Amino acid sequence: MKKEVKIIFHIDLNAFFATCSIIKEPYLANKIFVVGGSAAMRKGVLSTASYKARELGIKSGMSIHEALNIYPQLLVVPLDFKLYHKQSMIFFNFLKKYSNLILKGSIDEAYVDMTELSKTRHPLEIAKEIQDTLYKEYKLPVSIGIGPTLFLAKMASELKKPLGITVIRRRDIEEKILPLPIKDMFGIGKKTAPLLVERGILTIGDFLKKENKSKILEIMKLPMYESYIEHILGYSSDVVDPKKYAIPKSVTNETTLNFPIDQTDLVINEIKEMFSIAYDRLISDELIAKGVTIKFKTKDFKLITRSQVLNDYTDERDILYHAIEELVEQHYK
């Protein structure tokens with residue numbers, strides 16, 4: 001029996017942090033602004049640039065100092081994680097009207113299996129309805145990619161922003177995917193792309209050429225190389241598993257000491273090391289937190305737990321560690 005071709009949507013909220021800022025302060029719609037960092041201190045790294053700022057060459061990951069040198073009148077808007085969470089919930093709850101197979105890629109992107117609904121409605125009609133409704137009713141602009149696999153749907157959504165709808169079928173790969181710069185291939189990191197370019201692999205099509213295989217294997221292992229080839233050819237995963245990237249309720253780290261201790265400075269040193277490991281996981285998973293907890297277990301296995309709720313969501317290292325330190329100072333005896 002021939003395998004059913006899936007219809008996967010990748011729906012990406014355009015310039016999400018900047019969009020949320022405009023929802024909160026509509027006057028920003030016609031302004032050149034960025035989100036993150038401090039204009040007064042000329043410090044920090046910007047999280048998102050508005051599209052007007054991008055037209056000037058300002059982009060996410062750039063330092064505020066660099067951005068202000070490009071455009072001194074640049075407005076710098078503070079991060080607001082509470083607002084982002086609220087708008088993200090609106091987005092994901094809206095998508096549930098169309099399918100129960102939704103995979104959360106991050107706070108501002110979703111993979112949705114539209115195979116079932118597409119049996120009665122054309123995928124482009126569905127995509128247009130989703131895009132129009134999100135923008136008109138919620139002021140959330142999205143780009144939508146449609147493909148038979150998660151990878152192709154993701155690549156499609158990147159091709160036209162903002163407010164784009166792009167379809168990539170397997171027969172479109174040669175025309176739409178292969179000519180793209182290798183840096184634009186989803187999954188190829190910022191460090192790997194330049195290494196590939198150095199070896200003459202300039203496009204995704206170059207990556208596919210058999211004569212380039214030995215060059216590519218100089219910088220990545222065979223299983224990863226083979227995985228990318230499957231992605232490019234349209235034979236990678238077409239399964240939208242809602243639980244695949246389930247966001248954990250907490251990021252934790254714990255340890256058991258070799259012997260009981262009761263010296264505060266030693267306890268603090270242990271906690272510092274444990275916090276660093278947990279914090280690195282928080283950042284690598286692109287999560288934010290609204291509380292901290294410490295747990296102590298005595299030699300007779302009595303468990304003592306103390307928690308503190310923060311004023312707002314954050315991923316600031318100093319704020320989180322200071323809250324933990326306060327808990328230790330208040331409750332450690």
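Which residues form one aromatic cluster? They are Phe 16, Phe 17, Phe 81 and Tyr 84. Before going further, please note that this is a predicted model, where local features need pLDDT of at least 70, side-chain atom pairs count only at pLDDT 80 or more, and totals for chains, interfaces and linings use all residues. Residues are numbered from 1 along each chain as its sequence is written, and side-chain values use heavy atoms, leaving out hydrogens and water.

Searching the whole structure gives 11 aromatic pairs (rings of Phe, Tyr and Trp, the last by its six-membered ring, with centres within 6.5 Å; planes under 30 degrees apart are stacked, over 60 edge-to-face, the rest tilted). Phe 17 and Tyr 84 count as stacked because their ring centres are 3.9 Å apart and their planes meet at 5°. Phe 17 belongs to helix 1 (residues 16-24) and Tyr 84 to helix 4 (residues 81-95), so this pair ties together parts 67 residues apart in sequence. Helices here are DSSP runs of H or I, at least four residues, and strands are runs of E, at least two, numbered from the N terminus. Phe 17 is buried at 17% relative accessible area, and Tyr 84 is buried at 1% (buried means under 20%, exposed over 50%, partly exposed in between, with a 1.4 Å probe and protein chains only). Phe 94 and Tyr 98 make a tilted pair, 5.6 Å centre to centre with 55° between planes, and both residues are buried.

Charges meet rings too: the charged end of Arg 54 sits over the ring of Tyr 51, 4.6 Å from its centre (NZ of Lys or CZ of Arg within 6 Å of the ring centre and within 35 degrees of the ring normal).
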